[in-house]
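This report describes the fold and some local features of one protein chain. The sequence and the structure come first.

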Amino acid sequence: MKQRNNVKRNEIEAYLSKNKLANCELQLSSIILDSFPNVFWKNLDSSNIFLALQDYIHFIMSGSPCRMEENKIIHTPKVRVQNIHEKERQAHSLKKDSTTVEIHVLNQPFIYESVRTYFTKKGCRIFGSLHSVFSLVRKNDKAVKVSGSSGKHPELFLNISIEKITNDKELRKDRKSVV
């Protein structure tokens, strides 16, 4: 299995280099690939992994989860809660209709556990998750350098697939309540 994962990873890295991603995006891609659960490697072909990865990178690079104000760091978590449609569901190897919750925040202890507890208390089943910790150095809100979790302000990207929430009002409420 590990050998098959390495072959897929090589294919994905070839896709990434063909798409002329910035160096930071390539480095971040590698960190996120390291956190992919085995079900991704097992059930998805390389092009679908690439599409999921590209979406995650875009979400993370679209802005910082904090801002500086009077020499203080102000947390401004980014949250995306959306229902997955059939095509995306297949691309993400999900067996059931689901809702995806994505969070990009400064890394803090127990974020994953808190989010999981929130949805469990609501009665939602959790189908799967991935979480990556990394550090981005930004200039003018644009990433210029990526490192592992040991940077000055580590960030967390969390993706959780839960039982589908069909009520739009509930989706909006969850987006505000989750962090």
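What pattern does the protein chain follow, read along the sequence?

## Overall fold

The model is predicted. Read along the sequence, the protein chain follows the pattern α-α-α-α-β-β-β-α-β-α-β-β-β-α. Its secondary structure amounts to seven helices and seven strands. The protein chain has 179 residues, of which 41% count as buried.

Strand 7 spans residues 155-163 and is mostly covered, with eight of its nine residues buried. Two pairings that involve strand 7 are described here.

Strand 4 (residues 98-106) pairs with strand 7 in the antiparallel sense, over nine bridges. Within strand 7, I160 stands opposite V101. Strand 5 (residues 126-139) also runs antiparallel to strand 7, and eight bridges join the two. Here L158 in strand 7 is the bridge partner of H131. In a regular strand, side chains alternate between the two faces of the sheet.

Helix 7 covers residues 168-177 and includes R175. On the surface, R175 gathers with K169, R172, K173 and K176 in a patch of positive charge.

Is R175 buried, partly exposed or exposed? The relative accessible area of R175 is 44%, so R175 counts as partly exposed. Patches are made of residues with over 30% relative accessible area and no salt bridge, and R175 at 44% is above that area cut-off.

How values were computed: Residues numbered from 1 in each chain as written. Predicted model: local features only at pLDDT ≥ 70, side-chain atom pairs only at ≥ 80, totals over all residues. Heavy atoms only, no water. Patch = residues over 30% accessible without salt bridge, like charges linked within 9 Å, V, L, I, M, F, W, Y side chains within 5 Å. Areas by Shrake-Rupley, 256 points an atom, 1.4 Å probe, with all protein chains shown as cover. Salt bridge = Lys/Arg side-chain N within 4 Å of Asp/Glu carboxyl O. Lys, Arg positive; Asp, Glu negative; His and termini not counted. Charge placed at Lys NZ, Arg CZ, Asp CG, Glu CD. Helix = DSSP H or I, 4+ residues; strand = E, 2+ residues; numbered from the N terminus. Buried < 20%, exposed > 50% of the residue type's maximum accessible area, 1.4 Å probe, protein only. Pairing = 2+ DSSP bridges.
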